[in-house]
Amino acid sequence: MRTEIERKFLLGNDAWRAAVKKRLDIVQGYLANTERGSIRVRVSADKADLNIKSMTLGVSRSEFEYPIPPHEARAMLENFCMRPLIEKTRYLLDYKGQRWEIDEFCGANVGLIVAEIELKSADEQFDKPPWLGREVSHEPKYYNVCLAERPYSKWDCT
């Protein structure tokens, strides 16, 4: 078991797009979501994985992740996962020696874009890029599992 330590932010502007090194199209779905944890299946290009994550709120969560055959993952997405599926493009970029992942959602979550950084410890310092907006690490509605249950398109943004 590993611990995922991740901070999540909204974007302040689109200046990050000029620094993108790689992009991945991702489809993921949730097989289970309980008060103790979630089970997710994800497909990206020719890779797939099964992920089990604790439901701890905040920046640190326990996580297990296992590679699975992509054709089996696609079958799970089609036949067993709650709807809507999470569809997004993940952009990878570096800023001052640290890797950032920016997820631009589509489908039921179109319009939402978030930046994430994985850290080695909860108190690790990092330089905030000028394109970052407000931090949302402690707001569950931005967790992917919550976006599967209550998509961004259903939020009251007034």
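Reader: What makes Glu135 and Arg7 a salt bridge?

Author: A salt bridge is a side-chain nitrogen of Lys or Arg within 4 Å of a carboxyl oxygen of Asp or Glu. The closest N and O atoms of Glu135 and Arg7 are 2.5 Å apart, so the pair meets the definition. This is a predicted model, in which local features need pLDDT of at least 70, side-chain atom pairs count only at pLDDT 80 or more, and totals for chains, interfaces and linings use all residues. Residues are numbered from 1 along each chain as its sequence is written, and side-chain values use heavy atoms, with hydrogens and water left out.

Reader: Why is this pair said to link distant parts of the chain?

Author: Glu135 lies in strand E9 (residues 132-135) and Arg7 in strand E1 (residues 2-11), 128 residues apart. Strands (E, at least two residues) are DSSP runs, numbered from the N terminus.

Reader: Why is Arg7 called buried?

Author: Buried means under 20% relative accessible area, exposed over 50%, and partly exposed in between (1.4 Å probe, protein chains only). Arg7 has a relative accessible area of 16%, so Arg7 is buried. Glu135 has 25%, and is therefore partly exposed.

Reader: How do you know that Asp49 and Arg40 meet in a salt bridge?

Author: Their side chains are 3.4 Å apart, N to O, and the definition asks for a nitrogen and a carboxyl oxygen within 4 Å. Asp49 is buried, with a relative accessible area of 14%, and Arg40 is buried at 5%.

Reader: What makes Lys88 and Asp103 a salt bridge, and why does Lys88 count as buried?

Author: The N to O distance between the side chains of Lys88 and Asp103 is 3.0 Å, so the pair qualifies. Lys88 is in strand E6 (residues 86-95) and Asp103 in strand E7 (residues 98-106), 15 residues apart. Lys88 counts as buried because its relative accessibility is 2%. Asp103 is buried too, at 0%.

Reader: How many salt bridges are found in the whole structure?

Author: The search finds 17. Some residues are linked in a network of salt bridges: Arg2, Glu4, Lys53, Arg61, Glu63 and Glu118.

Note on methods. Helices (H or I, at least four residues) and strands (E, at least two) are DSSP runs, numbered from the N terminus.
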